[in-house]
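Please walk through the structure shown here, moving from strand pairing to the nonpolar cores and then to a pair of packed helices.

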Amino acid sequence: MANLGQVYTKRNVADYMTRLFTLPSHARVLDPCMGGGVFIYSLLAHTTYNVTGVEIDDKAFNAFSNPDTERCHVRKGNFFDETAEYDGIIMNPPYIRQEEIDNLSPFGISKQTIQEACALMPISTKANMYMYFVLYGLQLLRSGGEMVAIFPNAWVNTPLGKQFKEQITRHAQIQLFISVTGNPFEGTPTVDVCIIKLIKEGRGATTYKALSVSGNQLHEQQALPTQIADTKSGSLTMLKNIATIRRGITTGANNLFINPKLPDAIHTIDVLTSPKNLTGYTTSNAALGKMLAIGRDDIITESEQAYISHCEETIRTTGKPLSLKNMIDSNADWYRLKIPSPAPVLFAYIVRRNMKFVYNAPALHARDNFYMITPHHIHPFLLLALLNNYHVYTQLEKKGKTYGNGLLKIQVYDVATLLLPKNLDEKDATKLTKLGKQLVETGDDALLDEISRLLNKHYGKDAKEEYFTLKTKRLGTL
């Protein structure tokens, strides 16, 4: 069955979103993906609007019981077939990755059809389904109409997200941007979200707020429009200006490439597969796995060819992963990996409790759950000190996206835009380099205090208390 990307909004959050509307009393409001009808129930209970609901899923549509057939009309079908104009739209759009959109063809939906529907607001074919819902919804709004939507905020500050925002702001004002913490959904989905309110063809500044959700309790407060208050400081520079950051080795199917069931394979390399295998601030004693790594010019052995053929049959049969299936269908050598050179500094981008940048002294290869960081002109020990301190950890706590159970996901652009001192004098640089070396040799977390205190003058503050407050809040122990 195709993934419909359905995650249902809690009623108290739906009521909060409904109250964001400032429409005339008899406005026409659409919920284009009504699911269980939580927004419709909220609108009928708290407004006098005329409500329309659309739902493509038979089970969800048939389970809905219309409490007011005079003010509310619902239909089962494809939102992208909708042509009527509306005063308002409210939604929790489906979260479906671009690779899975064509799986919705039984419903009459494909990447091509929704790209065509959103032709007035074109966006990359790599867009997630929720982006198409927002953009097509804007096309259906009248001038001055309002949209209130809740969806993942992983798009913020990404290249695709910037394109998404450009299309929105070309046609509408982002009147409200509300960062949500806690769980606004039924069940326990692990995704960080935002609520936005758009005004079609509106103009004006954006108001930023934060909403925390804890059970039936909602708490709203004002928020800063940027995640780091001192991004304009002339004494700081972004990490991307002094180092290269890239992902580790991407396979497309780790279960086939990592520790393959092929004991006599000759084309394998040692690879760091998990941050759990690290001790301290170095990879020197890390437990390693094996990765099948057949290069462009390698001659494949008979047993390796048999393994590859078996994997191809499995991929064709299951249709997963789609990226490799497409390569197989086009007769591409899907099993030949591009192996980047090892980097001297590694960072695991899923933070479970403690974040740390580690020294890759043995020059190990790393899987794509690590970022590989290569400094341009400074010693790796100096870079380690500049990265392992409370100032950087605080930035990452603010930048990262929470995924439940205390997990924090750090995107590559979050790391690339970390702010570091750019004008170190020789004395400080020497001291920091020494501290970075000691951190690698001893793994002593107490050195973080010494490094952070030395950097306080560059950041104009002491970040230790702020970091531990943010960390404690993320781990849910406040």
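**Strands, cores and a helix pair**

V148 stands opposite K197 in strand β7, and this strand, residues 193–200, pairs with strand β5 in the antiparallel sense over 7 bridges; two strands are said to pair if DSSP finds at least two bridges between them. The model is a predicted one, in which local features need pLDDT of at least 70 and side-chain atom pairs count only at pLDDT 80 or more, while totals for chains, interfaces and linings use all residues. Residues are numbered from 1 along each chain as its sequence is written, and side-chain values use heavy atoms, with hydrogens and water left out.

Strand β5 also takes part in a parallel pairing, with 5 bridges joining it to strand β4 (residues 86–91), and here M91 stands opposite A149 in β5. Strand β5 itself, residues 141–152, is mostly covered, since 9 of its 12 residues are buried, where buried means under 20% relative accessible area, exposed over 50% and partly exposed in between, with a 1.4 Å probe and protein chains only. Helices (H or I, at least four residues) and strands (E, at least two) are DSSP runs, numbered from the N terminus.

Another strand, β2 (residues 50–55), holds T52, which counts as buried because its relative accessibility is 17%. Leaving aside neighbours within four places in sequence, T52 is in contact (heavy atoms within 4.5 Å) with V29, L30, D31, H73 and Y86.

A nonpolar core is a set of buried Ala, Val, Leu, Ile, Met, Phe, Trp, Tyr and Cys residues joined through side-chain atoms within 4.5 Å. The largest such core has 45 residues, of which L239, F347, F357, I373, L387 and V415 touch the most other members. Helix α10 (residues 380–387) gives the largest share of this core, 7 residues. Apart from it lies another core, of 42 residues, with I89, Y132, V134 and A172 among them. Returning to L239, its contacts beyond four places in sequence are I245, L383, L387, V415, A416, L418 and L420.

Helix α11 (residues 390–399) and helix α14 (residues 447–459) pack at an angle of about 80°, with their axes 8 Å apart. The two helices are therefore roughly perpendicular to each other, a label that covers angles of 65 to 115 degrees, with those under 35 degrees roughly parallel, those over 145 roughly antiparallel and the rest oblique. Y390, H391, V392, Y393 and Q395 of α11 meet L448, D449, S452, L455, N456 and Y459 of α14 in this contact.

Technical notes
Axes fitted to C-alpha atoms, helices over the stretch in contact; angles between N-to-C directions.
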